[in-house]
Every structure is written in structure tokens, then in C-alpha cells.
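This briefing covers the ligand site of one protein model. Please look over the sequence and structure below before reading on.

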Amino acid sequence: MINLPIYSPVEEIFDPLFSSKGVQLFIKRDDMIHPYISGNKWRKLKYILLEAEKLSKNHLVTFGGAYSNHLLATACAAAKFGFRSTGIVRGEELQNETLLLCRLFGMQLIFVDRESYLNKPALFVKHFEHDPEAYFIDEGGSGSLATIGCSELIDELNEVYDHLFCAAGTGTTATGILLGLKKNSVRTKMHIIPVLKGADFLKQEIENQTHGASFEFHPDYHFGGYAKTSNELLYFIKDFAASSGILIDPVYTGKMFYSIYDLINKDHFAKGSKILAVHTGGITGILGMAERFKF
Ligand SMILES: *Cc1c(COP(=O)(O)O)cnc(C)c1O
């Protein structure tokens with residue numbers, strides 16, 4: 001039985017900046033849903049796993065980079081709900097903290113070169129053509145089942161916020177949240193922070209998939225691109241953690257929270273605004289950058 005009770009409280013955090021600008025910042029703590037099936041990754045996997053179960057597929061096969069939060073979430077969820085799992089990893093064979101945890105959860109890892117990695121359906125056929133129990137889960141768990149899971153975040157809110165922030169990689173989570181806002185007819189203004197460079201295509205994609213839902217897209221907080229960072233961002237993460245007791249990561253949530261502070265500083269929000277930031281989890285991402293933290 002695939003069920004994970006959602007524990008994701010909303011918590012207000014305080015900063016002299018917020019009071020001086022007359023705004024309030026709240027965090028939807030999806031990072032507390034589970035330490036390893038963390039944040040949006042649980043929401044994205046939920047209906048995919050239910051579908052696999054319905055089809056009697058006992059072997060989850062998925063894809064990711066060597067630091068993928070999705071691989072780790074899938075490995076842990078597979079172990080928890082009684083599936084076998086295989087992770088097809090992009091690039092040369094290596095060991096790191098994320099992959100160690102995947103292995104501990106029983107995931108088999110197959111490393112493939114970057115070119116083969118581009119064609120995931122072909123890889124699935126090559127390795128699992130003769131395994132009737134194998135179930136293909138796309139990289140990052142994208143697709144319509146994933147957006148449905150993400151849309152449920154909105155059903156859990158007891159209050160209406162003026163603004164809602166979410167980091168975007170593939171944009172699946174943001175798309176789901178926009179659909180949730182639409183379904184519940186909530187007037188909240190959505191803000192999307194792409195963590196990769198040149199993400200204009202993502203804006204278009206999210207518009208298409210939400211049939212023109214309105215949102216603000218902030219493409220200038222990528223810090224050089226996906227998984228790129230800077231000392232400014234790392235110091236921000238440290239100050240944030242030290243003043244709030246909440247960890248954020250350099251790949252996703254660090255960039256999103258940085259954007260919120262920056263936009264508050266630039267008077268982007270009316271006085272009295274209530275802002276909700278979705279903490280999408282994934283703090284194991286910090287481990288991959290341990291050597292970058294020089295303080
Ligand atoms: C995967 C991930 C995201 C990106 O989610 P998308 O649905 O791909 O946009 C955001 N934050 C964290 C912490 C993640 O692990």
C-alpha cells in the first residue's frame with residue numbers, strides 16, 4: 001500500500017528586512033515530508049508509484065545525474081514500498097554521497113555515457129526488454145502524473161497568500177502548483193525561479209501546459225547555470241541557515257530564497273504582502289558542494 005502521510009507545515013520566518021519592508025515570509029516545509037523522499041520528489045512520485053503498483057510492476061527503473069535528488073527519492077521510495085529499483089546514471093562511474101545512499105536503499109546503478117543517456121527509452125529497452133516487471137520512470141519523474149501530485153500542495157493550504165515562490169528545474173512542480181491554484185480558484189500570484197541558464201523555453205512550456213496561467217518568471221537568479229554557484233550564494237545560504245534553523249541547498253532552494261530577499265529589497269511587493277516559499281527539499285545537494293563552503 002503506497003501511502004506516505006504528508007507532514008508539510010507552513011512556518012513563518014522573521015528578518016529585520018521583512019519588517020522594514022512590511023512583508024511577511026512563510027515557508028511551506030515540503031522538505032519535512034521525508035528526509036530522502038524529499039519535498040517535491042515525493043509529490044512527483046506518488047501517482048507514478050500508484051500506477052506502477054496497479055500494473056503489477058515491481059521494478060522501478062529511472063534516470064538521473066550523479067547528484068540527482070530524484071534518483072535518491074526513487075531508491076528510498078522503492079525500498080519503503082516494496083519495489084526493486086535501478087538507477088541509470090549519466091556519466092562515468094563514480095562514488096559520491098548521493099549514490100552511496102541510493103545503494104544503501106538497494107538501488108542497482110548502471111552508468112552510461114552522456115550520448116547514450118540522451119535516449120532513455122532506448123536504454124530501457126536495451127537493459128529491461130525481457131523484464132516484464134520493469135517500469136520506466138522518466139528523469140525527474142516528469143509527466144502528467146507528477147503534476148497532479150504537485151497540484152495537491154495547494155489543497156493543503158489554510159490561508160491565501162499574495163505571492164507563492166517555487167524553484168524550477170524541469171518546471172513540472174511549478175506547473176502542478178499553477179494547476180492547483182487554478183483548480184482551487186486561488187488569486188495568489190505565482191513566481192517561478194528557473195535554476196538553469198537560458199530557461200526561456202521553460203516559460204513557454206509552463207504556459208502551454210497550464211493553458212496560459214499567469215505567473216512571473218524570474219530568469220536572472222541562475223548564478224551561472226544549473227548546479228553553478230558563487231560565494232555570494234553560499235554566504236547567503238549560510239546566513240539563512242544560521243538565522244532560521246532551516247537548511248537550503250545551492251542548486252534549487254538557495255537560488256529561490258535569494259531571489260525572494262533580492263526582490264523584497266527592490267520593493268517588488270506591496271506593503272502587507274504575504275509571501276509563501278515552497279521548500280522543495282533536496283538538502284543532500286549540499287553534500288556535493290562541501291568543498292565549496294570555505295567558512
Ligand atoms: C528536483 C528539484 C526541483 C525541481 O523540480 P522540477 O519539477 O524539475 O522543476 C526543485 N527543488 C528541489 C530541491 C529539487 O530536488
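How do the residues of the shell around the ligand divide into nonpolar, polar and charged? In this predicted model, ten residues of the shell are polar, two are charged and two are nonpolar.

**Where the ligand sits**
- The ligand takes up the space of the largest pocket.
- Domain 1 (10-39 + 147-292) and domain 2 (40-141) each contribute at least three residues to the shell around the ligand.

**Which elements supply the shell**
- At least two shell residues come from each of helix H2 (40-54) and helix H8 (172-183).
- H2 provides the largest share of the shell, three residues.
- There are 14 residues around the ligand, and those that come nearest are Lys-41, Asn-69, Thr-170, Thr-173 and Thr-280.

- The side chain of Lys-44 places an N or O atom 2.8 Å from an oxygen atom of the ligand.
- Gly-169 has a backbone N or O atom 2.8 Å from an oxygen atom of the ligand.
- For Gly-171, too, a backbone N or O atom lies 2.8 Å from an oxygen atom of the ligand.
- The ligand taken alone exposes 390 Å², and the protein buries 97% of that area.

Key. Residues numbered from 1 in each chain as written. Predicted model: local features only at pLDDT ≥ 70, side-chain atom pairs only at ≥ 80, totals over all residues. Heavy atoms only, no water. Near = heavy atom within 4 Å. Polar contact = N/O pair within 3.5 Å; in protein donor to acceptor, adjacent residues only side chain to side chain. Areas by Shrake-Rupley, 256 points an atom, 1.4 Å probe, with all protein chains shown as cover. 1 Å grid on protein atoms, 1.4 Å probe; cavity = no way out; pocket = protein on both sides within 12 Å on 5 of 7 lines; lining within 4 Å. Sits in = over half its atoms within 2 Å of the grid points. Helix = DSSP H or I, 4+ residues; strand = E, 2+ residues; numbered from the N terminus. Nonpolar A, V, L, I, M, F, W, Y, C, P; charged D, E, K, R; others polar. Domains from an automatic or database assignment.
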